[in-house]
Number of protein chains: 2
Amino acid sequence: MNEPRVSLAQGNGGRFMRELIQDVFVRHLANDDLDTSLDSAVLDFPQDRLVFTTDGFTVQPLEFPGGNIGSLAVHGTVNDLAVAGARPLYLSLNAIIEEGLPLAQLERIIASLAAAAQEAGVRVVTGDTKVVPCGQGGGLYLVTTGIGIRMADIQPRPALIQCGDAILISGPVGDHGTAVMLAREQFGLEGDLASDSASVLPLTSALLQFDGLRFMRDPTRGGLACVVHDIVRSCQLGVSLDEWMIPVNGPVRSVCEMLGYDPLYLACEGRILAVIDAAQAAAALECLRALPGAAEAACIGTIIDSPPAVILRTDIGGERMLQELEDDPLPRIC
Amino acid sequence: MNEPRVSLAQGNGGRFMRELIQDVFVRHLANDDLDTSLDSAVLDFPQDRLVFTTDGFTVQPLEFPGGNIGSLAVHGTVNDLAVAGARPLYLSLNAIIEEGLPLAQLERIIASLAAAAQEAGVRVVTGDTKVVPCGQGGGLYLVTTGIGIRMADIQPRPALIQCGDAILISGPVGDHGTAVMLAREQFGLEGDLASDSASVLPLTSALLQFDGLRFMRDPTRGGLACVVHDIVRSCQLGVSLDEWMIPVNGPVRSVCEMLGYDPLYLACEGRILAVIDAAQAAAALECLRALPGAAEAACIGTIIDSPPAVILRTDIGGERMLQELEDDPLPRIC
């Protein structure tokens with residue numbers, strides 16, 4: 001049976017493309033600010049500071065346990081705005097579609113994207129679609145660009161970080177990376193593993209109420225290790241992590257041990273790492289743990305006055321340096 | 001000789017990617033609002049209405065006479081903001097790079113992008129880079145998303161169009177489409193043909209001073225024909241075009257005649273089509289013609305009270321219907 005597939009003619013700017021956009025994109029994304037007869041969106045805007053971010057998505061496979069490239073494209077950009085201390089308001093959406101992509105799959109992905117946007121309280125207000133020839137794309141690449149407004153007077157950023165600050169993580173690490181890897185490799189190991197892909201806005205909104213909040217980041221590509229190395233590099237301070245405090249789900253730990261991966265380098269798509277005044281860490285943790293998806297939030301380390309490096313302390317009293325990622329063990333997980 | 005090429009490791013979120021971004025993107029795009037240690041840009045913003053637009057670029061070949069995918073990615077999005085009546089301020093930039101792209105070529109393209117941004121007065125303030133495996137991209141795909149602010153009280157849009165309004169074009173049509181086609185096909189016909197890729201902001205700024213301005217659009221994919229069909233569909237009015245008044249450069253006309261293309265369907269990347277109160281058409285035309293790139297601006301037709309269709313009048317008194325584009329004779333020209 002020949003299932004309908006995206007054709008090059010559907011990316012050419014003519015009727016076929018307009019119909020594809022109507023049939024798939026507009027049907028799922030319709031809102032008062034989205035007018036596909038215009039090339040841009042004009043937005044009423046509060047008198048405040050904007051936050052503007054963008055992210056590209058090339059994950060393979062396009063669908064995986066716990067999500068797909070559509071929901072991921074919303075969560076990724078919403079989360080970038082959220083960790084900057086912003087409330088996400090608007091998204092633009094670009095789709096670069098490879099000729100031959102099954103329309104039913106595109107449909108599922110855009111439906112999922114629309115549901116994720118609605119849940120996160122953002123509206124897709126403008127977009128663009130291109131179709132590239134078969135063999136010149138990975139099925140579908142998405143780009144989302146987001147606009148948000150600052151929610152609080154403080155803007156969490158690396159420059160605020162001080163020695164003695166506590167490092168919090170909102171939940172187990174490595175779920176997304178592991179779920180996508182298993183979905184790709186067909187190990188037959190899927191079991192209970194699912195991506196943690198989700199909006200972190202409820203978590204960041206809660207933490208913004210603490211005036212001792214210094215910095216937030218969602219550990220995506222490169223995982224937790226990448227974020228702490230970013231901190232070390234920005235602040236020229238040390239980070240000490242307590243390895244036994246870092247939550248890792250059982251199936252993720254098993255798969256990583258079996259295949260030789262370190263979960264600290266694997267992507268999350270629904271977690272945040274936060275740096276906060278140590279005096280407010282316990283209260284912030286309690287606040288996080290009451291929220292969906294953050295029951296296992298933990299304090300995992302401290303900013304220390306030492307040369308810039310990441311020290312990982314083990315529960316038997318040992319120490320090792322957590323190296324910076326050079327080559328990714330798992331490309332294209334977002 | 002092995003020239004340096006983009007590797008998958010340069011898209012993985014680790015050190016190699018950070019170095020690539022520093023070496024290529026930041027070096028060209030550095031500005032006070034671009035901080036690659038952050039995932040988003042926080043922007044001071046005037047108390048005004050925002051315009052927000054996005055466009056994806058998949059042109060083949062990546063470089064062509066008169067421009068490349070980098071300058072095109074700036075002009076395309078700047079022009080979408082400009083025709084919406086906005087002054088472009090900020091861009092985000094996404095690069096989806098195919099493994100193996102020569103770094104020297106990436107360098108040329110980003111340098112050209114930076115020069116185009118500077119010339120158009122916009123700043124690239126946030127971005128994201130992904131590298132996809134060899135064979136899963138067309139060398140390089142770019143996405144730019146733009147924010148602008150409204151320049152005038154009027155917002156030109158199809159709903160303002162009335163019967164009797166004049167239709168202006170700012171210069172010869174089809175240059176970009178023809179230049180890219182020739183660059184791709186290696187006909188050996190290049191000669192004087194170059195893309196018209198440019199910012200149209202000076203043109204739109206001038207026209208916004210006319211209170212009779214109804215609508216502006218840059219005729220990109222699908223060309224002039226696509227824009228007039230959009231008008232007809234939005235307004236449910238007729239359009240009458242005087243074929244002999246539509247400027248077409250000699251080499252474009254020759255190539256189109258030789259190869260059987262109609263220049264009215266070929267993309268421009270530095271022209272605007274404007275609809276304006278007929279009483280102000282002559283003054284607007286004079287104003288346009290004084291600007292660089294618009295010396296050949298012309299009044300090419302009228303909005304007419306007839307069933308929605310595009311009538312093309314020929315200089316020998318004939319008439320034909322200009323059909324809507326269905327399949328593009330020239331895919332991937334932007």
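User: Leaving aside its neighbours within four places in sequence, which residues is Thr314(A) in contact with?
Analyst: A word on the ground rules: this is a predicted model, where local features need pLDDT of at least 70 and side-chain atom pairs pLDDT 80 or more, while totals for chains, interfaces and linings use all residues. Residues count from 1 along each chain as written, chains are lettered from A and ligands numbered from 1 in written order, and side-chain values use heavy atoms, without hydrogens or water. Contact means heavy atoms within 4.5 Å. Beyond its sequence neighbours, Thr314(A) touches Glu243(A) and Trp244(A).

User: How far apart are the C-alpha atoms of Thr314(A) and Trp244(A)?
Analyst: Thr314(A) sits in the loop between strand 13 (310-313) and strand 14 of chain A; strands (E, at least two residues) and helices (H or I, at least four) are DSSP runs numbered from the N terminus. Along the chain, Thr314(A) and Trp244(A) are 70 residues apart, but their C-alpha separation is 6.4 Å.

User: Is Thr314(A) buried or exposed?
Analyst: Buried means under 20% relative accessible area, exposed over 50%, and partly exposed in between, using a 1.4 Å probe and protein chains only. Thr314(A) has a relative accessible area of 19%, so Thr314(A) is buried.

User: What is the strand order of the open sheet of 7 strands in chain A?
Analyst: Strands pair if DSSP finds at least two bridges between them, and here the pairing is mixed. Strand 9 (213-217) and strand 14 (319-321) of chain A are the edges, each pairing on one side only. Reading across this open sheet of chain A, the order is 9-11-8-12-10-13-14.

User: Which residue in strand 11 of chain A stands opposite Ile169(A)?
Analyst: Strand 8 (residues 166-169) and strand 11 (residues 273-276) of chain A run antiparallel, joined by 4 bridges. Leu168(A) has Ala274(A) as its bridge partner in strand 11 of chain A. Opposite Ile169(A) stands Leu273(A).

User: In strand 12 of chain A, which residue is the bridge partner of Ile167(A)?
Analyst: Strand 8 of chain A also pairs with strand 12 of chain A, in the antiparallel sense over 4 bridges. Ala166(A) and Leu168(A) point one way from strand 8 of chain A, Ile167(A) and Ile169(A) the other way, and all are buried. For Ile167(A), the partner in strand 12 of chain A is Gly301(A).

User: What relative accessibility does Ser170(A) have?
Analyst: Ser170(A) lies in the loop between strand 8 and helix 4 (175-185) of chain A. Away from its sequence neighbours, its contacts include Leu203(A), Arg271(A) and Glu296(A). Ser170(A) counts as buried, because its relative accessibility is 0%.

User: At what angle do helix 2 and helix 3 of chain B pack?
Analyst: Axes are lines fitted to C-alpha atoms, for helices over the stretch in contact, and angles run from 0 to 180 degrees between N-to-C directions. Helix 2 (residues 69-83) and helix 3 (residues 103-120) of chain B have axes 6 Å apart, and their packing angle is about 30 degrees.

User: How many nonpolar residues are in the contact of helix 2 of chain B with helix 3 of chain B?
Analyst: Among the residues that meet are Val74(B) and Val78(B) in helix 2 of chain B and Leu113(B) and Ala117(B) in helix 3 of chain B. Ala, Val, Leu, Ile, Met, Phe, Trp, Tyr, Cys and Pro count as nonpolar, Asp, Glu, Lys and Arg as charged, and the others, Gly among them, as polar. The residues of this contact of helix 2 with helix 3 of chain B include no charged ones and 4 polar ones, and the nonpolar count is 9.
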